[in-house]
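Please keep the sequence and the structure in view while reading.

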Amino acid sequence: RTTVFPCPTLALAMAIGYSAVVVSRLKDYADLDQAIIVNLCGASSTGKTTGSQLLVSAFGCPNISNKDSLIRNFHSTLNALMASIDGICGMPLVLDDITTNPHINTHDLIYTLAGGEEKSRCSSDGTVRDGGHGWNGVIVISSETPIQDQHSENQGLKVRVLDTEGITWTPDAATAERIKSFVKHNYGYTGKVFADFISTIPITELLENYDSAKAVVHSLMPV
């Protein structure tokens, strides 16, 4: 209460995390992809890692690891990465520092992540492999530069990625260290409470709130 919520950027990070629950609930009723993609982009001094750890901490482990954590890295093949996120629904997921793997095709990655399921593949005998359970919610990708810059002419990509360039997530180094230290030992509690609360709201009411919020956002966008 005294560290996160008085700071608008840290409160925004928390809101991004909690929004995964709402996206998961609304995805079959509203004009939404299976997963909303958010790009935390900027220099290493802007607090991207702290913001990432904070936004997933309400739901699960905030360590950067490809095992038992909601923050994964790109130190794996794309197929292995997709297999590792299969079944993650209604929770935020962070894919940390896409620049560490130059072999990742960001165009294909974004479309696959937004679609909520892996591309169909054939086994050695020609039969189609089971694509698994899929995923939904919010997926955050961190990078030094906006991932949209690599595909500036692709309009479809632009509408699928929310770009946060220019945001400094933490006000100072002391705040960043305080948050990292806290969430390392305190995580996975309030996400369930929030999910339980959202489940009590009738879908019609949730849709009305979504449409009202969308209208406000549209009114603030330049024509």
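T112 is buried, because its relative accessible area is 11% (buried means under 20% relative accessible area, exposed over 50%, and partly exposed in between, with a 1.4 Å probe and protein chains only). The model is predicted, so local features need pLDDT of at least 70 and side-chain atom pairs count only at pLDDT 80 or more, while totals for chains, interfaces and linings use all residues. Residues are numbered from 1 along each chain as its sequence is written, and side-chain values use heavy atoms, with hydrogens and water left out.

T112 belongs to helix α4, residues 106–115. Helices (H or I, at least four residues) and strands (E, at least two) are DSSP runs, numbered from the N terminus. A polar atom of the T112 side chain lies 2.8 Å from the backbone oxygen of D108. Such a polar contact is a pair of N or O atoms within 3.5 Å; within protein, one must be able to donate a hydrogen and the other to accept it, and residues adjacent in sequence count only if both atoms are side-chain atoms.

The buried residues of α4 are T106, L109, I110, T112, L113 and A114. They pack against β1, α3 (78–85), β3, β4, α5 (155–158) and β5, where contact means heavy atoms within 4.5 Å. Just after α4, G116 has a positive phi of about 80°.

## Aromatic rings

The structure contains 2 aromatic pairs. Rings of Phe, Tyr and Trp (its six-membered ring) pair if their centres lie within 6.5 Å; planes under 30 degrees apart count as stacked, over 60 as edge-to-face and the rest as tilted. The ring centres of Y18 and F194 are 5.0 Å apart and the planes meet at 55°, so this pair is tilted. Because Y18 lies in helix α1 and F194 in helix α7 (residues 190–199), the pair ties together parts that are 176 residues apart in sequence. Y18 counts as buried at 18% relative accessibility, whereas F194 is partly exposed at 23%. Y18, F59 and F194 form one aromatic cluster.

## Pockets and a cavity

On a 1 Å grid over the protein atoms alone, a cavity is a set of points where a 1.4 Å probe fits but cannot get out, and a pocket is an open set with protein on both sides within 12 Å along at least five of seven lines; lining residues have an atom within 4 Å of a point. Grid points are joined across faces, edges and corners, and a volume is the space filled by probe spheres set on the points.

| Space | Volume |
|---|---|
| Largest pocket | about 1,300 Å³ |
| Second largest pocket | about 440 Å³ |
| Largest cavity | about 40 Å³ |

Among the 31 residues lining the largest pocket, L32, I36, L162, Y210 and V217 lie nearest its centre. The second largest pocket is lined by 18 residues, with V4, M14, L54, F182 and V183 closest to its centre.

The whole structure has 1 cavity of 30 Å³ or more. The largest cavity is lined by I85, I88, M91, L93, W135, N136 and I139.
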